[in-house]
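These are my notes from a first look through one chain, written down in the order in which I looked things up.

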Amino acid sequence: MAELEVRVVSERREGLLVELGRIISEHDHVLLRQRLAADVQGTCATLVLRGPDERRLALEDALEAHPRVLSLASSGGVALHASPVASSARAKHPASRVGGAEVAKIERILPNLAKDYPRIFPWLIHLEYEVAVEARNASLHLAGRRTGCWVYKRDYALGAKLGLLDAMRRIALPALREFVPAEQHGSELHLRDCPLCQPGGASGGHFFCGFLEGLLMDAVDEPSLAVHEIHCHSHGAAACVFEVSQ
Ligand SMILES: [Zn+2]
């Protein structure tokens, strides 16, 4: 159970709480407190809710999809420790994308990735289903970069700049091993049993390419590095192999 604060903007306040209250209880949440205030677009309702974490995203989606909701912003897990990857805010307009990634959906799961790290695979699988098929790879890549940057800042930023192979050994390898068995072979990183790359399914390697880029970008003296997955378990290889180059 966690507390969640949601701010909803709507054109009119009449009946708003009743309609939203129905959605809230359908998603196993209870309304603890509410505040209605005038807003340039009509009214702004601040709702403090409590409910199971695993229903939170579905609840936010349902609230956002309600025809009377013009925009929604949320900051979740306030009962837990504060998330280092900030709160999310979204307005109702076509999804903003960077290189095809669905940025708003990624930003919405980042607090969860930070909170549950390193048990993040369920969130990434959730993200894969949330985004459009054509945005999947770019979205996983961007989620990986944001996560890698965050892990670097959290755990490694105080160290000196390293050469690429040293950075892979001292930063990428221990970071990867929090998720999956990993080995380094020269400029390659080999991951075994990656849960995002199941045989016969789509490859989740885009997440790890982004993750390694975000993680290593600021660690090395020459920041222009690229990561490619050259073999993938989902295509029948024994391990997912990532080649890091500068
Ligand atoms: Zn793979």
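Predicted model: local features only at pLDDT ≥ 70, side-chain atom pairs only at ≥ 80, totals over all residues.

**Entry 1: overview.** I counted seven helices and eleven strands in the chain, and I noted that buried residues make up 35% of its 246 residues. Of the contacts with a separation of 6 or more, 63% are between residues 24 or more positions apart.

**Entry 2: confidence.** The mean pLDDT of the chain is 85, and 89% of its residues reach 70 or more.

**Entry 3: two aspartates with positive phi.** I looked up Asp 28 in the loop between α1 (16–26) and β2 (30–39), and found its phi near 60 degrees, a positive value in a residue other than glycine. Is Asp 28 buried, exposed or partly exposed? Because 15 C-beta neighbours lie inside 10 Å, Asp 28 counts as partly exposed. Asp 193, in the loop between β9 and α7 (205–216), also has a positive phi, near 55 degrees. With 12 other C-beta atoms within 10 Å, Asp 193 is exposed, as a residue counts as exposed if it has 12 or fewer.

**Entry 4: a cis peptide bond.** I found a cis peptide bond joining Tyr 117 and Pro 118, with omega at about 5 degrees. Pro 118 sits in the loop between α3 (103–116) and α4 (121–130).

Entry 5: Strand β8 (residues 182–185) pairs with strand β9 (residues 188–191) in the antiparallel sense, over four bridges. Which residue of β9 is the bridge partner of His 185? I found Glu 188 in that place. The two strands, β8 and β9, form a hairpin with two residues between them, and in the turn Gly 186 has a positive phi of about 60 degrees.

**Entry 6: nonpolar cores.** The largest nonpolar core has 44 residues, and those that touch the most other members are Ala 172, Leu 189, Leu 191, Leu 212, Leu 215, Leu 216 and Phe 242. At least two residues of this core come from each of α3, α4, α5 (136–156), α6 (164–177), β9, α7 and β11 (240–245), and α7 gives the most, with seven residues. I then followed Leu 215 and, leaving aside its neighbours within four places in sequence, found contacts with Gly 148, Val 151, Tyr 152, Ile 171, Ala 172 and Ala 175. There is also a second, separate core of twelve residues, which includes Leu 4, Leu 59, Val 69 and Leu 72.

Conventions. Residues numbered from 1 in each chain as written. Pairing = 2+ DSSP bridges. Buried ≥ 20, exposed ≤ 12 C-beta atoms within 10 Å, placed from the backbone. Core = buried A, V, L, I, M, F, W, Y, C linked by C-beta atoms within 7 Å. Contact = placed C-beta atoms within 7 Å. pLDDT = per-residue confidence, 0-100.
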